[in-house]
Each structure stands twice: as C-alpha cells, then as structure tokens.
Amino acid sequence: MKLDTSGFETSMPTIGFGSSNDMLDGFSTVPSFDLPRTTDFDGFQKEAVQMVKPAKGTTTLAFIFKEGVMVAADSRASMGGYISSQSVKKIIEINPYMLGTMAGGAADCQFWHRNLGIKCRLHELANKRRISVSGASKLLANMLYSYRGMGLSVGTMIAGWDETGPGLYYVDNEGGRLKGDRFSVGSGSPYAYGVLDSGYKFDMSVEEASELARRSIYHATFRDGASGGVASVYHVGSNGWTKLSGDDVGELHYHYYPVPPAIAEQVMEEAAAE
Amino acid sequence: MTKQHANWSPYDNNGGTCVAIAGSDYCVIAADTRMSTGYSILSRDYSKIHNCKADKAVLSSSGFQADVKALQKVLKSRHLVYQHQHNKQMSCPAMAQLLSNTLYFKRFFPYYAFNVLGGLDEEGKGCVFTYDAVGSYEKVGYSAQGSGSTLIMPFLDNQLKSPSPLLLPAQDAITPLSEPEAVDLVKTVFASATERDIYTGDKLEIMILKADGIRTEVMELRKTLSECWQHTLSIVLIRISTLGSLCYLELCLKFSCVVNRFSFSYL
C-alpha cells in the first residue's frame, strides 16, 4: 500500500518546462512555471517587467486592537504614470475568518492569495480544524521564499482571528515574515503611518478604530499620487470578517474638510452679479 | 570588455485596441483589425476577437499577436476539456479565472497579451473582465486595452462612469445604456482613437452578445488622411443640427475643401 506523503513534500520549485498537466494536478506541490531559456535571467525579467508593467503603487494598513483586527486599503492600480484602475480589490478574502492585503504586483498578490486559500482549505480538511494565522502566514512566506530572487513583488499582511485571538503578520516577496500590532504597506504607507500612529490606542471601539483606519487611508491618498479610488475598511472579529465601509476618497475629502457655506455663497453672489 | 546585450527580443508589439462594455442584458466587445510592427502595417484585416467556442464568453486581446494566438489555443483546448469533464459550457466568471491562471502560469515568461473578456454571467447580465499581462483581473462595467486604451478610457469614464463595485452600500456597476446606444458609443470611440493613434484603424469588428446569440458588425475606420474630407463633412452635418449656425458651416466647408486639395500629399 502506497502511503500518501504529499503533506510532507518540501517546497522546492521544480524548475523546468511544466506541461499544462501540472495545472490540473492540484496544489499539494509548488506549481511549476515555464522559464525562458536565457543565460541572463535577471536581465530578461527586468525587460519583461518593463514591457508588461504590472500594476502597483498602493496604501494598505492593518492594526490589532481590543476588538480584533482592522484592515483598510485604497483601490488604485497604476502602470507607470497611467491609472489602470480605480476599483481594484486590494483586500482579498482568503476565507471567512482571514483577510490578506495586496501591495506590489497585482497578479502576484491575487494568485498567491488564492493559492494560500486553497492550502488553508486543504489544511482544514486534512486536520479537521482551522489553520492558525501564524500557520497560514508561514505557508505563504515559505512559498514566496522558494521564488526568492525571481522578481515576484508581494508585500502583504495576513490578518485573522484564530484560537489564540487576533493575529496579524506581514509577509513579503523576500520570504520575510513579521508578527506585529500595526503595519502599513505601500507607496502611501509613510502618510498612513503618520495618522495611524498618532491616533492609535489599544482600547478603541470598532467605530473609533474604523474611523482611524479610514482617515489614515484618506490622508495617504491625499498626498500619494499612486493611491486613490475607494477606501475600504474591514473588521476581523471572533466571528470572522465583515466589511464596514467603502467610501470614495474624493467624497471623504469634502466630508472631512467641507467647504464653509459662507464662502460658497459669497462666490455664488459674485458670479451672479457678473 | 563591454557587456554584450541581447539584440533579439522574443516579444514584439503588433498594436491595436480592444474595448468591451457590459449592459443589463448584453455585452459589446469590439476591436480594430489593424496589425502592425514598428511603423509598418502587416495586415488591415486581422481579427483580434476570439470566440472561445463558448456562447457566453468572448475574448479580445491586443499586444503581441503570436502570444495571443497561443493563448487563444490554450484556452480553447482547456475549455474543450472542461466541456468533456463537466458536460456543460464554461460560464463567463469561470472562463475569467481560467484565463487569469493561464496567464499567471507564464509569470516568468509572460504572454505579451492585454486581454478583455466579455460575456454574460449566470443571471444573464453583461460582465467584462479586464486583465494585465500576467493575469491580475477584475470585473468591471467597461474596459479598453491596447495602444489606444489611454485615449479611449478617459472618454468611457466620462460617458459611462459607473459607481465603484467597492462602495458600501453596494451599487450596480452595469451601464444603463441600451444596446444600440452602447454600439454607437463604441463606434464613436474607435473613430476618435483612430484619429490620434497610428496603430488603430482600418476596420472595426464589433461582437454583441445577448442571451439568444452573438451578432457581428463590421465598420470601416479611417485608413488615410484622404478620407478627412468625408469625415469633416459628416462632422459638419452633425454640427448644423446641434448649433444651427451658418457661419460655422461656411468655415467648415472652406476648411474641408482646402484639406481635400492637399490630402494627396499626405498619403
């Protein structure tokens, strides 16, 4: 009887010309990718990246507080100087109690988060219990480590609620994995950190925390050209995640800094007089 | 010793533009038929739209047509396998995810193809999925990809601006335009893009997907400058009806006569 040892397989990538059968094999091993036959892999990747111009530039943030984890992100994708989309979903729902954020290459983040979701589900089925946030982030970090140096661009945060309570990990394409209470990733993160760090308290209610997250994203989109669109805020609690709000940042601007009605009337009077 | 850089690239850009618009019960996918390389035109009659043999999904791609051809073949065969395994056609959202995975599996040697997938979802509403070259995708109400996309997208944003699907409370992203209006918009948009993008032109192929089937329309686009006179005249006629100003008509006719005289020199 041949035992199934697929759970013990190490995550070494099989470099070679994977036929399309690999796609149907399931995801217990690291998926194998077609690689170009070239002596200068790095140079080729640089050229390929220039040509395909993957969408990046973003602001995402997440923090742990008394009531769980708050996750927020903008929704702009830029290709060089062109805004390719204002409605990208940067908060990826891995499963009903875990969220991942997207920063860096859009395709990389989408694919690897979907892959992580599959792995988490397989873990659940094999072990009859949910995977911990620590375990899920470790799976993702190990996968990315095996593709280290090949040009993936992933800066993600895994946020969830497991048996030990709320969990937040930052994972990047170098294979780095950090546990923490507050993270912000992306081109707009310095601006978001400024607002987030100055307003953060552990003892906040869900409304206060969501307002802090929304404001931080708004301020980042105000100053960073590569961030914008819709600010989405999610809350991860003991019962899983819920989407709290999705507001257009242009409208948030006038909500936070409304034009004083006196001045508006004055301008309209002057215009009418002309 | 100076470093030798590779002079040969496996990629080339054949230009072209693809547009798709989703409606409440239809989907319009359109692409021009010009295939170019550098400053030369390889073909004036090359179709960028691929049927996928699924009656609910149509793929349109611009970029490097050799990669596009290979991608279309892969999708067609994967769809056939799916049909044999599941005894039904793939739905549009399923095809969208398949395309994303197919593109990502060549992450380190990408298909140089910029795709737009259009079709009808399970409820019969139009859906458009837009991709980058390595497979990141999202469901949108309308999209343009290719060399003319930077010219077309702002105009579509202006005419069709739909609320973002990320807003809460959720609002429908589908355009309220009727099908003839959407087809008209597509024709206008391509006519304008042809004016300013050298890689877009010749003919416009439009596919309209509805629940009862797929309809195809072909429209001629401006090939050279000599057609400017006819084009100007058609604009003049529209202007008369909107402005009703005779002096404007005189000016336009004078201008178009001058252009007609000189157009041959720009051929």
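**The interface of chain A and chain B**

Tutor: Chain A brings 43 residues to the contact and chain B brings 32 residues, where contact means heavy atoms within 4.5 Å. This is a predicted model, with local features needing pLDDT of at least 70, side-chain atom pairs counting only at pLDDT 80 or more, and totals for chains, interfaces and linings using all residues. Residues are numbered from 1 along each chain as its sequence is written, chains are lettered from A and ligands numbered from 1 in the order written, and side-chain values use heavy atoms, without hydrogens and water.

Student: How much area do chain A and chain B bury between them?

Tutor: Interface size is often given as the accessible area lost when the parts come together. Here chain A and chain B bury about 3400 Å², 65% of it on carbon and sulfur atoms; the area (1.4 Å probe) is summed over both parts.

Student: How many salt bridges does the rule find across the interface?

Tutor: The rule asks for a side-chain nitrogen of Lys or Arg within 4 Å of a carboxyl oxygen of Asp or Glu. It finds one across the interface: A:Asp108 with B:Arg107, the closest N and O atoms being 2.5 Å apart.

Student: Is B:Asp202 buried or exposed?

Tutor: Buried means under 20% relative accessible area, exposed over 50%, partly exposed in between (1.4 Å probe, protein chains only). B:Asp202 is buried, at 0%. Among the residues that B:Asp202 touches are B:Thr33, B:Met219 and B:Leu221.

Methods
Buried area = accessible area lost by both parts, 1.4 Å probe. Lists of a residue's contacts leave out its neighbours within four places in sequence.
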